[in-house]
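Trainee: I would like to learn how to read a structure feature by feature. Could we take one together, slowly?

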Amino acid sequence: KSSRRFLRIGFPRLLADFEEEGEFYLVQDFIAGMSLSEELAIGRHLTEVRLAQILRELLTVLNYVHSCN
C-alpha cells in the first residue's frame with residue numbers, strides 16, 4: 001500500500017513490492033536509458049541544463065520520501 005504512493009510523483013508503473021531479509025524492494029517497469037552512475041561517469045561533462053534536470057528529479061523523490069517519514 002505505501003509503495004503505491006510513489007506513483008503519485010511520476011515513478012514508473014509499479015508491478016510488485018516485497019520485503020526480503022529486512023530490505024524492501026519495488027519492481028517497476030523498465031525504462032531504457034543510462035543509470036545515474038553512467039550519467040555521472042568520471043570525465044563526462046554534463047550541461048548545466050542536464051544537471052539541473054537530474055537534481056530536480058532526485059530532490060522531488062527525496063522530498064516525497066522524507067514527507068512520508
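Trainee: Let me begin with a single side chain: is Tyr-25 buried, partly exposed or exposed?

Mentor: Keep in mind from the outset that this is a predicted model. A residue counts as buried under 20% relative accessible area and as exposed over 50%, with partly exposed in between. Tyr-25 has a relative accessibility of 37%, and therefore counts as partly exposed.

Trainee: What is the bridge partner of Phe-18 in β2?

Mentor: Phe-18 has Tyr-25 as its bridge partner in that strand, and Phe-18 is itself partly exposed, with a relative accessible area of 34%.

Trainee: How many aromatic pairs does a search of the whole structure find, and how is such a pair described?

Mentor: In general, one gives the distance between the centres of the two rings and the angle between their planes. Here the search of the whole structure finds 1 aromatic pair. Phe-18 and Tyr-25 form this pair, with 5.2 Å from centre to centre and 20 degrees between the planes. The pair counts as stacked because planes under 30 degrees apart are classed that way.

Trainee: How do strands β1 and β2 run, and how many bridges join them?

Mentor: They run antiparallel, and 6 bridges join β1, which covers residues 14-20, to β2, which covers residues 23-28.

Trainee: In what order do the elements of the protein run from the N terminus?

Mentor: They run β-β-α-α, which comes to 2 helices and 2 strands.

Trainee: Which residues form the nonpolar patch on the surface?

Mentor: The patch consists of Leu-36, Leu-40, Leu-51, Leu-55, Leu-58, Leu-59 and Leu-62, which together have about 610 Å² of accessible area. Helix α2, residues 48-67, gives the most to this patch, with 5 residues. Leu-62 has its place in that helix, and with a relative accessible area of 43% Leu-62 is partly exposed.

Trainee: What share of the residues in the protein is buried?

Mentor: Buried residues make up 9% of the 69 residues. The accessible surface of the protein comes to about 6,000 Å², and carbon and sulfur atoms account for 57% of that area.

Technical notes:
Residues are numbered from 1 along each chain as its sequence is written. This is a predicted model: local features need pLDDT of at least 70, side-chain atom pairs count only at pLDDT 80 or more; totals for chains, interfaces and linings use all residues. Side-chain values use heavy atoms; hydrogens and water are left out. Patches are made of residues with over 30% relative accessible area and no salt bridge: like charges are joined within 9 Å, nonpolar side chains (Val, Leu, Ile, Met, Phe, Trp, Tyr) within 5 Å. Accessible areas come from the Shrake-Rupley method with a 1.4 Å probe; for residues, only the protein chains shown count as cover. A salt bridge is a side-chain nitrogen of Lys or Arg within 4 Å of a carboxyl oxygen of Asp or Glu. Helices (H or I, at least four residues) and strands (E, at least two) are DSSP runs, numbered from the N terminus. Buried means under 20% relative accessible area, exposed over 50%, partly exposed in between (1.4 Å probe, protein chains only). Two strands pair if DSSP finds at least two bridges between them. Rings of Phe, Tyr and Trp (its six-membered ring) pair if their centres lie within 6.5 Å; planes under 30 degrees apart count as stacked, over 60 as edge-to-face and the rest as tilted.
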